[in-house]
Amino acid sequence: MSQMIGGDEIESSRIDLAEIRRSLTSSLNRRTSSLRLSSRRDEDPDVEYALMWAELERLPTVQRLRSSLFDPRTATQQSQSEATDKGKQIVDVTTLDALERRAFIDKLIKHIENDNLKLLKKIRRRMDKVGVELPKIDVRYKDLLIEAECKVVHGKPLPTLWNSLADMLNFGIMSGSNGKKAKIRILNDISGTIKPGRITLLLGPPGCGKTTFLKALSANLSHSLKITKREKEAGVVPDPDIDMYMKAISVKGQKTTVQTDYILKDQGQYWFRNEEPYNYVSVETFYRKFKESPIGKKLKEDISKPCDESQFHKDALSFSVYSLSKWEMFRACMSREYLLMKRNSFLYVFKTVQTIIVAVIAMTIFLRTRMSIDITHANLYLGALFFALVLFLVDGVPELSMTIERLEIFYRQKELRFYPAWAYGIPASILRIPLSVLVSFVWTALTYYVIGYSPQASRFFCHFLLLLGIHLSSTSMFRFVASFFQTLVPSTTAGVFAIITIMSFGGFVIGKNSMPGWLKWGFWISPLTYAEIGLSVNEFLAPRWQKTSSANSTIGDQVLKARGLDYEGYYLWISIGALAGFTLLFKTLFILALNFLKSPRSSQVITHEKLSQIQGSENFDIGANLEEIPKISPNAQAKSNQGRMVLPFQPLTIAFQNMKYYIDTPLVVIEIPYLFILAALYLVIIYPMVGYYVTAYKIFWCFYGMFTTMLYFNFLGMLLVALTPNIMVASILSSVFYTLFNLLCGFMVPSPSIPKWWVWLYYLIPTSWTLNGLLTSQYGDIQKEILIYGEKKTVAAFLEDYYGFHHDRLGLTAAILIAYPLLFAFLFSFFVGRLNYQSR
């Protein structure tokens with residue numbers, strides 16, 4: 001054993017000495033070569049090139065594989081100098097910058113028509129010299145049958161309201177029923193082989209199944225298509241291809257049946273037996289004749305032979321679904337998402353700037369010098385906290401349009417196996433976190449001390465964490481909504497419904513103590529609840545709110561109990577954890593929706609009439625009807641082929657000059673009946689359930705207020721779309737209007753408490769007039785006394801003193817409410833015709 005060990009040590013020493021000798025020799029040769037190059041640089045370019053290549057070959061293996069000779073000069077600089085290799089240098093190809101790579105490509109391919117082929121030939125000659133062959137594979141398919149599961153619709157398969165409603169009902173109620181689905185054969189009993197080293201041309205009319213066939217060979221079919229392999233049953237004629245829909249474009253007035261004229265390309269022009277009259281050849285006949293021909297028999301013989309896998313390269317096929325590992329895929333998608341965010345940097349800068357503007361407005365309305373530590377001003381502090389929550393909740397609405405815009409590309413790349421859903425969803429979620437941190441910190445830094453919250457630093461950072469949590473929850477929720485509903489209209493509807501539900505159960509609009517017992521579960525499933533609990537506890541359990549009032553309890557406790565938010569201090573951390581849980585839940589649902597839901601444009605639809613034609617053709621015997629087909633003589637065939645087009649329609653010549661295209665400005669009045677019905681439904685459902693006063697005057701005012709409000713919101717949205725270049729900018733801009741409409745409507749901050757420098761904006765906001773009209777019409781003439789803030793007042797007096805609403809100004813309110821929709825409709829009609837963003 002000792003002799004063996006000694007021998008190994010000697011051998012190891014010998015190898016080390018040999019490595020040292022080679023290293024010294026290589027270093028000496030490089031220096032000698034460098035001297036030789038400098039001395040003979042001006043003598044012979046070929047000798048210089050050979051010497052540089054010899055120096056390259058002496059590099060270590062790893063370094064040699066990534067090094068090459070490169071001329072950093074541009075094509076123009078090279079053309080202006082001598083055509084020599086003096087400019088070439090040994091460089092690491094992985095360190096080339098963008099300009100050097102561009103110069104190299106410009107030199108390599110100057111003319112795409114010729115140089116590309118030359119480049120491919122050069123690569124092929126280099127591989128042939130050393131006997132390297134590209135990986136090859138033999139593709140075989142036998143008895144390939146592909147069926148598609150289609151939805152059967154009556155009438156035209158258009159995205160009408162009725163069809164959309166029927167799809168929703170069918171999905172929600174009859175999801176287990178197959179009564180409205182049918183299986184259509186796209187490819188029927190296909191066999192063949194694709195030999196390596198050949199170019200295979202796949203021809204066929206539109207809709208005959210070419211793309212489906214290629215997807216089947218690459219194992220990349222949609223889930224709604226089923227592939228089966230089986231032997232052909234005896235005596236069964238295969239169904240026609242799905243291109244049967246081309247019957248609809250057949251020329252009218254034909255005497256023959258539609259079944260014989262259904263093929264897209266005209267067979268007559270390809271008839272080569274001039275001595276025989278032309279006969280129509282059906283797909284079934286052509287298929288049967290091909291199998292009986294020598295080519296078909298040879299194909300069947302080739303397929304029957306077992307495939308010798310030893311003849312093919314092991315790397316010819318990839319058996320993994322994706323070409324990259326999970327980590328590489330994650331890094332690539334992270335880089336891609338970061339690049340897309342850089343391209344859309346304007347949107348994020350725009351959102352940040354608008355957040356700063358709204359923060360300046362909010363902190364100058366809730367100014368600390370105007371608020372004291374008492375019960376009355378505590379409501380203003382609560383209003384400031386709730387407004388921040390509403391702002392961060394609504395700030396996630398633009399994620400709807402931004403996500404939907406990218407869904408089509410995502411599903412296309414997912415079907416092509418670029419990456420799975422998690423590789424798209426996780427980077428998109430991670431890279432949004434810094435943006436949420438930025439927005440939350442900017443808002444907190446600007447407003448916290450100016451509004452006058454509790455000055456402790458720990459409470460400042462807890463305030464920041466809670467706002468960050470609600471912002472992450474909101475953006476994640478709206479991304480999930482967009483990924484689930486997939487199109488803009490239903491996603492927007494669901495998003496609005498989510499906002500209303502979350503705000504209703506959040507504990508501010510309706511306090512927890514005022515909620516019915518059977519609805520209090522909604523209080524605990526709203527993310528806004530935990531954010532409001534956390535912010536309220538963080539502020540009103542501070543030392544400055546622990547002053548004892550006349551009711552033998554602290555001011556902070558009274559405020560929290562009045563709102564049903566009287567929880568212990570540790571609920572602050574429970575709220576932060578709950579918001580983190582909501583964020584994680586919505587992000588997980590977002591990824592699951594991307595993974596399991598199909599693209600909205602991937603569903604196959606077939607009309608009931610077309611299905612009847614296809615099913616009826618199964619019993620149609622073409623052979624029995626061939627005698628009814630008129631035969632065309634060779635002379636008539638030759639004449640008919642003159643000037644024939646490939647497509648079966650008569651060619652026409654159309655001349656036009658100075659053609660102009662325009663559309664009329666859209667007639668906004670078409671929205672009015674729809675909004676009228678919505679307002680009526682609201683009145684019928686809400687008015688009796690809430691228990692308002694049942695008088696004709698008050699009922700009319702409730703309907704009028706809601707109808708005009710719907711009108712101006714609708715026309716304002718149309719106006720914002722007309723003013724902005726795309727829907728994403730419009731959705732971002734709309735969130736500013738929504739937050740300001742909430743801030744200055746007179747509910748969070750009553751008009752007498754608004755600073756004088758912002759009163760003009762209060763009167764400019766349409767929601768302030770809506771709230772004025774609705775409250776004043778219902779309660780402005782009620783003289784019943786109530787106890788409010790320890791003082792007895794009539795309801796009418798409280799509205800005048802606290803809100804600044806006067807019953808004798810209802811006429812002015814009614815006129816202003818109808819003026820807003822008229823103004824917004826006029827501005828929309830004006831700007832939609834003047835601002836043409838498509839011409840930019």
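User: Is Thr 355 buried or exposed in this predicted model?
Analyst: The relative accessible area of Thr 355 is 5%. Buried means under 20%, exposed over 50% and partly exposed in between, with a 1.4 Å probe and protein chains only. Thr 355 is therefore buried.

User: How are the residues numbered, and which values of pLDDT does this predicted model need?
Analyst: Residues are numbered from 1 along each chain as its sequence is written, and side-chain values use heavy atoms, with hydrogens and water left out. Totals for chains, interfaces and linings use all residues, whereas side-chain atom pairs count only at pLDDT 80 or more and local features need pLDDT of at least 70.

User: With which residues is Thr 355 in contact, leaving aside its neighbours within four places in sequence?
Analyst: Thr 355 lies in helix 12 (residues 345-365); helices are DSSP runs of H or I with at least four residues, numbered from the N terminus. Contact means heavy atoms within 4.5 Å. By this criterion, the residues in contact with Thr 355 are Val 439 and Trp 443.

User: Is Gly 577 buried, partly exposed or exposed?
Analyst: Gly 577 is placed in helix 22 (residues 571-596). Its relative accessible area is 42%, so Gly 577 is partly exposed.

User: Are helix 14 and helix 27 roughly parallel or antiparallel to each other?
Analyst: Helix 14 (residues 398-415) and helix 27 (residues 727-743) pack at an angle of about 165 degrees. Angles run from 0 to 180 degrees between N-to-C directions, along axes fitted to C-alpha atoms over the stretch in contact. Under 35 degrees counts as roughly parallel, over 145 as roughly antiparallel, 65 to 115 as roughly perpendicular and the rest as oblique. Helix 14 and helix 27 are therefore roughly antiparallel.

Definitions and conventions
Helices (H or I, at least four residues) and strands (E, at least two) are DSSP runs, numbered from the N terminus.
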